[in-house]
Amino acid sequence: MSTLMVSISGVRGIVAESLTPAIIQKYAVAFGTFMNKSPLIVGRDSRTSGTSISNILKGCLQATGCEVIDIGIVPTPTVQMEILHHKAAGGVAITASHNPSEWNGLKFMDGNGRFLSPEKAGQVYELADRGDFKYRDWNQVGNEIRDSGANNRHIEAILGLQYIDVSALKKRKFSVAVDCVNGAGGMIIPRLLEKLGCKVIPINEEPDGQFAHTPEPLPENLGQLKKLVKESKADIGFAVDPDVDRCAIVDNKGQAVGEEYTLTLAVKFYLSKKLGSVVVNMSTSRACEDIAKYYNCPFLRSKVGEINVVEEMVAQNAVIGGEGNGGVILPELHLGRDAPVAIAIALQSLLEFEGSAEMLVQSLPRYHMVKDKINIEGKNPDIIINKLIDQFADKKVDLLDGLKIDEENYWIHLRKSNTEPIIRIIAEAKTAKEAQSIVREYTTIIHKLS
Ligand code: MG
């Protein structure tokens, strides 16, 4: 059984099953009708279904009177930056993010270069279901323009960031292994690294959508990169997901250190340069909080989901933020998760640290996180979560997004999934053993409750 996932992160499904041309048309004309302004930026990752979906999407947007600017195969954050560059009314990234190659989807963006707010996304979905579309007459159909400069502009913007010392990096000549998993990263990451003076050792850099491995940049999927770093004696390795908003680090010993360290490293680097508020989501490592405390900077948590983090960052005027799954958001560049900027920051950190990548990671606060899901098929997740809230009323709980219990030596976050009959369970503690036993303990409690 396949499911069309419709959430604040956009629409996602399996091509030809839940994501058919008719479904793409439905959401595309709804978005065009809702935006009703030009131009709209359209970019896509490298998936084999990308051109087909792009043609349907563009045709639908044009039919609703919107001019489209097609920027080709680009990271999702590049679409966000191009909206600002072209002073566009909004845009769409065609991608299923970290999902396997049979998936694709649409991420909708507003004229401020951010994802649509949850309210606006809800209005687009409502419009799509209602079918209340406005098509334009023959003389008002939107034009299509092509622009192939987007990836280069993204690179140049990163090279121009105030704390990235390009000439010092060029002198240092880091040897960098990179795995683009045959996603859109191949269009930008190797070139960015070259511009930073690195010796680039790429794998899976062909943006052909034939993902060489499960594309989510989790340690268990990075076997090839770990081996490559070791064999090539690289200083560091980077893996990105197909739409290049998440980045994971492999240290010089070939160890996949876990995605949480990408944001932790970026927060430490940025606060050492510029003090200010930090915003991360509720499932992000406490390591970021420790660093913010060290620098005496305000630290806030938002609901999970890029737009939720971004909206809180805007409210707090944050200098840096993101999501622990490798998603760094640097407002100085733009308000979206951006793997290319995460890579530039990691390299600049390594340069200034004057030690190995392994030592650099060891210099960060150390925690262990365990993520799992509990099958609750046939049960109501809200009832389960509410029972848990009652049961743990004496503990330090946070109810912003599901239930988070925040104790001195650990935290645990329980959230229902909006698309699957599961409860997500994430725990963090000082050791892997502790985190595992906490997950086990709460899994047993939930099974008893349900
Ligand atoms: Mg992604």
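**View 1. Asp245 and Asp243 in the predicted model.** Asp245 has 0% relative accessibility, so this residue counts as buried. The model shown is predicted. Asp243 is buried too: its relative accessible area is 0%. Both aspartates contribute an OD donor to the magnesium ion.

**View 2. The magnesium site.** Four residues coordinate the magnesium ion: Ser97 through OG, and Asp241, Asp243 and Asp245 through OD. Along the sequence, the donor residues follow the spacing S-x143-D-x1-D-x1-D.

**View 3. Helix H12, residues 339-353.** This helix has 15 residues. From its first C-alpha to its last, H12 reaches 21 Å, close to the 21 Å expected at 1.5 Å a residue. H12 is mostly covered, with 13 of its 15 residues buried.

**View 4. The two ends of H12.** At the start of H12, Asp338 places a side-chain oxygen within 2.9 Å of the backbone nitrogen of Val341. Just after the helix comes Glu354, with a positive phi of about 60°.

**View 5. Arg130 in helix H4.** Arg130 belongs to H4, which covers residues 118-130. Its relative accessibility is 52%; the cut-off for exposed is over 50%, so Arg130 counts as exposed. Lys107 lies 23 residues from Arg130 along the chain, and their C-alpha atoms are separated by 20 Å.

Note on methods. Residues are numbered from 1 along each chain as its sequence is written. This is a predicted model: local features need pLDDT of at least 70, side-chain atom pairs count only at pLDDT 80 or more; totals for chains, interfaces and linings use all residues. Side-chain values use heavy atoms; hydrogens and water are left out. Helices (H or I, at least four residues) and strands (E, at least two) are DSSP runs, numbered from the N terminus. The expected span of a helix is 1.5 Å times one less than its number of residues. Buried means under 20% relative accessible area, exposed over 50%, partly exposed in between (1.4 Å probe, protein chains only). A polar contact is a pair of N or O atoms within 3.5 Å; within protein, one must be able to donate a hydrogen and the other to accept it, and residues adjacent in sequence count only if both atoms are side-chain atoms. Donors are N, O and S atoms within 2.8 Å of the metal (3.2 Å for Na, K and Ca); water is not among the atoms, so sites may look incomplete.
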